[in-house]
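Q: Hi, could you walk me through this model and the ligand in it? I'm new to reading structures.

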Amino acid sequence: MSSIQNKISSIFPFERDIPEEFRLRQQVNQKEYLVNGELRLWDGPVQEVLSPVCVRSSSDVSQKVIGSYPLMTESEAFQVLDAAASAYNHGRGHWPSMSVYDRIAHIEELIRRMPAMKKDIIRLMMWEIGKSRRESEREFDRTVVYAKNSMAALRGMDCASSKFIAEQGIIGRIGRAPLGVVLCMGPFNFPLYETFTTLIPALLMGNTVIFKPPKLGVLLHGPMLGAFRSVFPPGVVNTVFGNGNQVITPLISSGRIDVLAFIGSGRVADLLKSMHPKPHRLRSVLGLEAKNPAIVLPGADLDLAVKECVAGSLSYNGQRCTALKIVFVHSRVAGCFLDKFADEIGKLRIGMPWEKDVTITPLPEPRKTEFLTELVEDAVRYGARIINARGGKVNRTFFYPALLYPVSTGARIYEEEQFGPVVPVVPFDDIEDPVSYIIESSYGQQVSIFGNDAGMIASLADVLVNQVCRVNINSMCQRGPDIFPFAGRKDSGEGTLSVSDALRLFSIRTIVAARDSGANKAIFSEIMKDRKSSLLSSGCPREFFKLEGHLPG
Ligand code: G3H
């Protein structure tokens with residue numbers, strides 16, 4: 001038996017093999033939910049949580065039961081909604097009326113408390129979604145940095161808008177106001193980061209929030225609940241746990257959710273939006289499916305292209321919305337590209353999430369290995385071969401990466417998003433083939449072009465920027481850095497997220513204006529001098545706040 005085959009067959013540990021610091025000594029049963037500033041005890045039915053990590057015993061190997069979470073009902077969902085709505089109180093609540101700087105102070109306090117929870121959150125992330133320790137730590141740190149950068153961006157935005165504008169005999173100050181109650185639902189693959197990249201800007205802008213953790217990746221939010229409770233006024237942050245049709249359907253159908261921030265499937269997003277009785281009153285912030293292609297041109301540096309494509313398609317087992325999910329390779333370089341790619345897959349470490357330098361780990365979604373196997377078998381029926389040794393081998397929740405070539409148009413994986421460690425490669429001779437693929441695709445998030453011909457890259461980029469939202473040159477697709485805009489065309493999303501764009505998405509521009517008369521200027525001056533209004537006065541620190549300079553003379 002080869003060493004990879006050996007490793008796959010014995011990939012799951014005995015409990016005694018798990019290093020002490022990563023062991024889950026006892027089940028984590030989430031018994032409380034946060035509503036109106038209170039951690040309320042749940043004594044109803046619960047959902048058992050299975051880890052993608054299987055553990056061996058002398059008689060079998062099975063997915064470890066790691067805990068449970070509440071299966072709340074419509075009645076608790078409405079309590080949570082009432083709490084969020086009354087904290088918002090039509091924009092008159094304490095939180096939405098607070099100055100930007102006071103809200104920032106609350107978020108700073110939340111972030112100050114996070115490092116103490118890091119170890120627990122990372123351990124749970126490894127057990128719940130099988131993310132490697134390195135990637136889990138990265139996700140945690142990135143979340144904290146995102147929150148800090150959001151606060152800095154808001155300070156800048158607030159200072160920039162503290163000027164009065166005079167135009168055609170009217171003076172006014174333009175600011176941003178909250179939208180109301182925001183429902184935040186993140187995905188399983190970045191349960192902390194993707195939830196916080198909507199939750200933090202929503203809060204900063206003065207909205208109140210209900211958040212529902214993703215189906216997988218629930219327990220890791222537990223450590224945060226106490227901090228939410230003590231840092232924020234009652235009702236500003238609330239949680240619901242359970243099945244979407246029990247807790248989310250009633251929330252949206254009530255018509256009292258003002259913003260839906262959802263990262264997940266387009267099918268669910270459409271369903272949720274359709275439930276709102278007044279769809280035009282619902283702002284949607286959506287991150288949906290993608291099928292980001294790589295195009296490898298003749299003349300590309302193949303070592304670099306392979307390195308980027310391996311990372312792009314297989315980091316966290318390919319479970320990134322931005323992952324490269326199909327690779328078009330010019331037929332002149334396809335042979336060499338595939339050899340190098342297969343070689344690199346062979347070097348990837350496979351194992352349990354806490355193992356050093358591990359890349360390929362067990363998959364958390366139920367029946368995912370069956371789904372990926374079906375995709376591979378279907379592609380093979382359509383003429384593809386599995387190029388790498390042991391590609392597609394399965395051991396329970398573990399799936400060894402499969403490199404498929406040549407994948408043809410009829411195969412399901414040509415269009416379907418695999419969201420897992422299967423890399424379909426398509427040969428091309430005419431650049432129109434990958435370009436038409438992108439034009440005809442339902443998705444429009446990103447593309448990666450690998451090549452060295454500046455003219456060719458330029459003309460491709462010019463065409464592709466009108467198809468997708470980011471064109472990467474000799475680099476894999478990715479969302480970061482977080483100050484870059486992250487968006488999707490077609491079925492890949494709605495709204496642009498980035499540190500500063502998100503602040504705009506969760507707010508609306510408002511203006512206080514008046515005829516440019518001496519009397520009105522005197523009123524404005526007095527309001528600003530005594531900081532009588534949070535919108536008009538701005539929280540901008542005094543040194544930036546030159547009252548006279550901001551008022552038209
Ligand atoms: O799943 C989508 C994540 O936001 C990916 O972020 O591309 O920067 O790793 P990333």
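**Confidence and the ligand site**

A: This is a predicted model, and the mean pLDDT of the chain is 95, with 96% of its residues reaching 70 or more.

Q: Ok, and where does pLDDT stay under 50?

A: That happens over residues 542-553, although the model still has 26 contacts beyond four places in sequence for them. Where pLDDT is low, the predicted coordinates should not be read in detail.

Q: Switching to the ligand, which pocket does the ligand sit in?

A: The ligand sits in the second largest pocket. The residues around the ligand include Asn 189, Phe 190, Tyr 193 and Glu 194, as well as Arg 320, Thr 322, Gln 478 and Gly 480.

Q: How do the residues of that shell divide into nonpolar, polar and charged?

A: The shell around the ligand has three nonpolar residues, four polar ones and four charged ones.

Q: What lies 2.9 Å from an oxygen atom of the ligand?

A: That is a polar atom in the side chain of Arg 142. From the backbone, a polar atom of Cys 321 is 2.8 Å from a ligand oxygen, and an N or O atom of Arg 479 lies 2.7 Å from an oxygen atom of the ligand.

Q: And how much of the ligand's accessible area does the protein cover?

A: On its own the ligand has 310 Å² of accessible area, and the protein covers 93% of that.

Conventions
Residues numbered from 1 in each chain as written. Predicted model: local features only at pLDDT ≥ 70, side-chain atom pairs only at ≥ 80, totals over all residues. Heavy atoms only, no water. Near = heavy atom within 4 Å. Polar contact = N/O pair within 3.5 Å; in protein donor to acceptor, adjacent residues only side chain to side chain. Areas by Shrake-Rupley, 256 points an atom, 1.4 Å probe, with all protein chains shown as cover. 1 Å grid on protein atoms, 1.4 Å probe; cavity = no way out; pocket = protein on both sides within 12 Å on 5 of 7 lines; lining within 4 Å. Sits in = over half its atoms within 2 Å of the grid points. Nonpolar A, V, L, I, M, F, W, Y, C, P; charged D, E, K, R; others polar. pLDDT = per-residue confidence, 0-100. Contact = heavy atoms within 4.5 Å.
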